[in-house]
Amino acid sequence: MGTPLNLTSNIFFFIFTLTIFFVAYTFPRLQPKQTNLVFYVHDHFTGELSTAATVAGKSGPASNILHFGTVAVVDDPVTVGPSDDSKLIGRAQGIYVNSQLDGKGLYMVFSVIFTNGKFKGSSLEIQGSDIFTMTEREFGVVSGTGYFRFVKGYGIMETVFMDIASLMATLKLNVTVKHY
Ligand SMILES: *[C@@H]1O[C@H](CO)[C@@H](O)[C@H](O)[C@H]1NC(C)=O
């Protein structure tokens with residue numbers, strides 16, 4: 001007679017294997033990878049380095065971005081640090097719409113297109129409200145491309161420099177995204 005089937009050891013091996021698979025597949029799902037990045041966006045509506053322009057509004061294309069109803073298109077430099085001559089890593093391209101009746105809030109929808117640095121070739125899609133009188137405001141990150149495919153997240157925006165008279169601002173964006 002051959003060796004009888006060792007049921008106990010087989011069941012143990014089966015359960016052991018199942019446990020390994022369960023751990024291997026469950027844990028990465030429970031804790032999706034997260035990326036945090038900080039960058040600066042330079043928003044200049046006037047001057048030589050002007051990269052933002054109003055295109056429509058209650059008084060036509062010359063409407064002030066600080067007035068309700070004004071639509072602006074931006075192609076702003078994105079840098080590593082807050083100063084204007086800090087290393088350029090991309091552009092923030094999209095639209096701002098002043099969508100608060102008192103003029104103190106923008107609706108923004110733009111892509112951050114990385115052309116240099118760690119995330120070169122990838123982009124983030126940003127969408128949300130910007131109540132720019134607040135020190136810190138939160139916005140949504142709805143998706144991305146390249147390294148940021150499938151991401152979702154949020155960001156915190158702070159104005160680090162603002163000159164209301166000449167409509168120039170430097171914004172710090174601190175983005176946290178999860179990769180699913
Ligand atoms: C970025 O925001 C996170 C919270 O989402 C915070 O913990 C972190 O300190 C911030 N980093 C910087 C450089 O502001």
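How many bridges join strand β4 to strand β5, and do they run parallel or antiparallel? I counted 9 bridges between β4 (residues 88-98) and β5 (residues 106-114), which run antiparallel. Strands here are DSSP runs of E of at least two residues, and helices are runs of H or I of at least four, both numbered from the N terminus. Two strands pair if DSSP finds at least two bridges between them.

**Ground rules.** I am working with a predicted model, in which local features need pLDDT of at least 70, side-chain atom pairs count only at pLDDT 80 or more, and totals for chains, interfaces and linings use all residues. Residues are numbered from 1 along each chain as its sequence is written.

**Strand partners.** I looked up R91 and found I113 as its bridge partner in β5. β5 also joins strand β6 (residues 123-130) through 8 bridges, and these two run antiparallel. There, Y107 stands opposite S129 of β6.

Next I took strand β1 (residues 33-44). It runs antiparallel to strand β9 (residues 168-179), with 12 bridges between them. β1 also joins strand β3 (residues 71-79), again antiparallel, by 2 bridges. V41 has a partner in each: L171 in β9 and V78 in β3. A reminder to myself: in a regular strand the side chains alternate between the two faces of the sheet.

**Whole chain.** I listed 1 helix and 9 strands. From the N terminus, the order is α-β-β-β-β-β-β-β-β-β. The C-alpha atoms fill a box of roughly 100 × 35 × 25 Å along the principal axes. The radius of gyration, taken over C-alpha atoms, is 24 Å, while a compact globule of 180 residues would have one near 16 Å. The globule rule is 2.2 Å times the number of residues to the power 0.38.

Of the 180 residues, 25% count as buried. Buried means 20 or more other C-beta atoms within 10 Å of the residue's own, exposed means 12 or fewer, and partly exposed is in between, with C-beta atoms placed from the backbone. Among contacts with a separation of 6 or more, 42% come from residues 24 or more positions apart. A contact needs C-beta atoms, placed from the backbone, within 7 Å.

I checked the UniProt record, an unreviewed entry, which annotates residues 6-27 as "transmembrane region". Its positions are given in the numbering used here, feature names are shortened, and annotations may be inferred rather than shown by experiment. In the model, that span is 95% helix and 0% strand, with its end C-alpha atoms 32 Å apart.

F22 lies in helix α1 (residues 7-30). Why does F22 count as exposed? Because it has 10 C-beta neighbours inside 10 Å. I also compared F22 with Q93: they are 71 residues apart in sequence and 43 Å apart in space, C-alpha to C-alpha.

F150 is not a glycine, yet has a positive phi of about 70 degrees. I found F150 in the loop between β7 (136-145) and β8 (151-163). It counts as exposed because it has 12 C-beta neighbours inside 10 Å. L167 also has a positive phi, near 55 degrees. This residue is in the loop between β8 and β9. L167 has 19 such neighbours inside 10 Å, so it counts as partly exposed.

How values were computed
Contact = placed C-beta atoms within 7 Å.
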